[in-house]
Amino acid sequence: MKMKKIAYLFSLLLVVGAASSCKKLLEIKETDAIAGETALGTVTFVEQAIIGAYAALGVEMNIQLNAVFSDELATAGEFYNAQTTHEWQYGATDVGIRDSYTAINPNYTIINRVNVALAALPGADSTRVGDEVKRRVLRGEALFLRAYAHFELYRYYCANYDPEGLAMPYMESSTIEPQARIKMAPYFQKLNADITEAKNLLPNNLVDLNRATVAAANALHARIALYQRDWANAEAYATAVINAVPLSSRAAFGGIWTDANTNEVVMRLIRTTQVGGRIGSIFRGVSANLNNIGVVTWKPSDKLWNSYDQVNDIRFSSYLRSEPLLTAAGRQPRLVFKYWGTGLATTNENVNNGKVFRSAEMFLIRAEARAEQNRVSGANSAESDLNTLRAARITGYVNETFASKDAVVTAIIEERFKELPYEGHRFFDLKRRGLPVQRLMSDVPNASAVTLPANNFRFSLPIPQVEMLANPLMVQNAGYQ
């Protein structure tokens, strides 16, 4: 018994000694650590942190999700590897949702980076001429990015706007504490507050399309108002963008998609083989040579292909292509041409800059907002906006008239299908308008993949299981519990 007590006391002394040693070690300051206040101690360093937040932006997942989940793509490619997502059979544990379509990680990464920068910005030292002006601009950029990322989370994981509906956590500071979802009314109040303040701080110019400007902030604000059904503000913000960035001519329109020009581009993301990669590889692999064209993973849907005036509409030849080399090889020839890059078997095949906002989208937002305010025809109407856009795209276009709000709204949604395919909108458009995904039978492998009914719960993605396990305050979306 005595020996046991001695052994116990010896063990206790070892533990106490070890704890004391650990305490002393923890009290030693690291000499090679760069703490947050040091790392972001100057305005220049804060700017680098915000550039790091820009680096996390991407359009690729939006493009792929909206194309695959909607009626923009057909399964008759050469490699069908997205059955559960294309046929709407996904759940919270589905590998496609977990690995390919999770907006939580990238967007909360952006949000955390800008929140850290925002916290450091007021106390950051001014070391260069112009830093005080830059401090204001950087705050504007950070608020723009925070609003942008939170809005993307809303589009992926939330139902259509309802003040009492469930949004996502809105993060205004950097923390590792679990956060709960909040209602849409306060969520959108925070969105609008961030983007409104950003517009008062950002430069009112278009010198740098790679970073936020007033025009880009107005474009985001117009998009937010569209989804919130705040029609008057959607019209006002879209008009501000349209006044700053005119539509491209028909002759120059194709150059937007080869990056020969930046006509009607409000904000872009630079893409190279090293930075961001090849957007076009979503649809077709890189070619070894002209006799070995990359595998066509997705082909354009017959529904989209057949929707154009293929002779007179410049969008058809800019977005889609029937490739003679594939026909000669006995392969399916129809390709998504929009992100073709510099051509088959070239270094920059499938490499194109991502277009975050275009003025064409703003014309369609304004047209929809005007229609919803019952300004169907005449000057400054839904009809006039729709006709202006079509005239800029279709040779010999003759203005159309519309007899009712429903008729012009239907035409606007159809025009969004033709103007904005493979830009990250179609699935979200059908969702917010309460419309079904309706495919042609020629575009699907079986009858069950033809229709996703309007307002189906699968229009909102499931919160991934890893997030549900990591955050005890997170609430799963209806239909996935």
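**View 1. Lys199 lies over the face of Tyr237.** In this close-up, the distance from Lys199 to the ring centre of Tyr237 comes to 3.9 Å. A charge counts as sitting over a ring if NZ of Lys or CZ of Arg is within 6 Å of the ring centre and within 35 degrees of the ring normal. The model is predicted, local features need pLDDT of at least 70, side-chain atom pairs count only at pLDDT 80 or more, and totals for chains, interfaces and linings use all residues. Residues are numbered from 1 along each chain as its sequence is written, and side-chain values use heavy atoms, with hydrogens and water left out.

**View 2. Arg366 has its charged end over the ring of Phe363.** Here the charged end is 5.4 Å from the centre of the Phe363 ring.

**View 3. Tyr156 and Tyr157 make a tilted aromatic pair.** The chain has 24 aromatic pairs in total. Rings of Phe, Tyr and Trp (its six-membered ring) pair if their centres lie within 6.5 Å; planes under 30 degrees apart count as stacked, over 60 as edge-to-face and the rest as tilted. For Tyr156 and Tyr157, it's 6.1 Å centre to centre, with 45° between the planes. How buried are these two? Tyr156 has a relative accessible area of 1%, so it counts as buried, and Tyr157 is buried at 1% too. Buried means under 20% relative accessible area (1.4 Å probe, protein chains only).

**View 4. Ring pairs link a cluster of Phe and Tyr residues.** Which residues belong to the cluster? They are Phe151, Tyr154, Tyr161, Tyr170, Tyr187, Phe188 and Tyr227.

**View 5. Helix 12 spans residues 250-257 and has buried residues.** Look for Phe253, Gly255, Ile256 and Trp257, which are buried. Their cover includes strand 2 (265-269), helix 14 (314-319), strand 6 (354-358) and helix 18 (405-419). Helices (H or I, at least four residues) and strands (E, at least two) are DSSP runs, numbered from the N terminus. After helix 12 comes Asp259, with a positive phi near 60°.

**View 6. Zooming back out, the chain has 20 helices and eight strands.** Its C-alpha atoms fill a box of roughly 100 × 55 × 50 Å along the principal axes. Of the 481 residues, 52% are buried. Among contacts (heavy atoms within 4.5 Å) with a separation of 6 or more, 70% come from residues 24 or more positions apart.

Note on methods: Buried means under 20% relative accessible area, exposed over 50%, partly exposed in between (1.4 Å probe, protein chains only).
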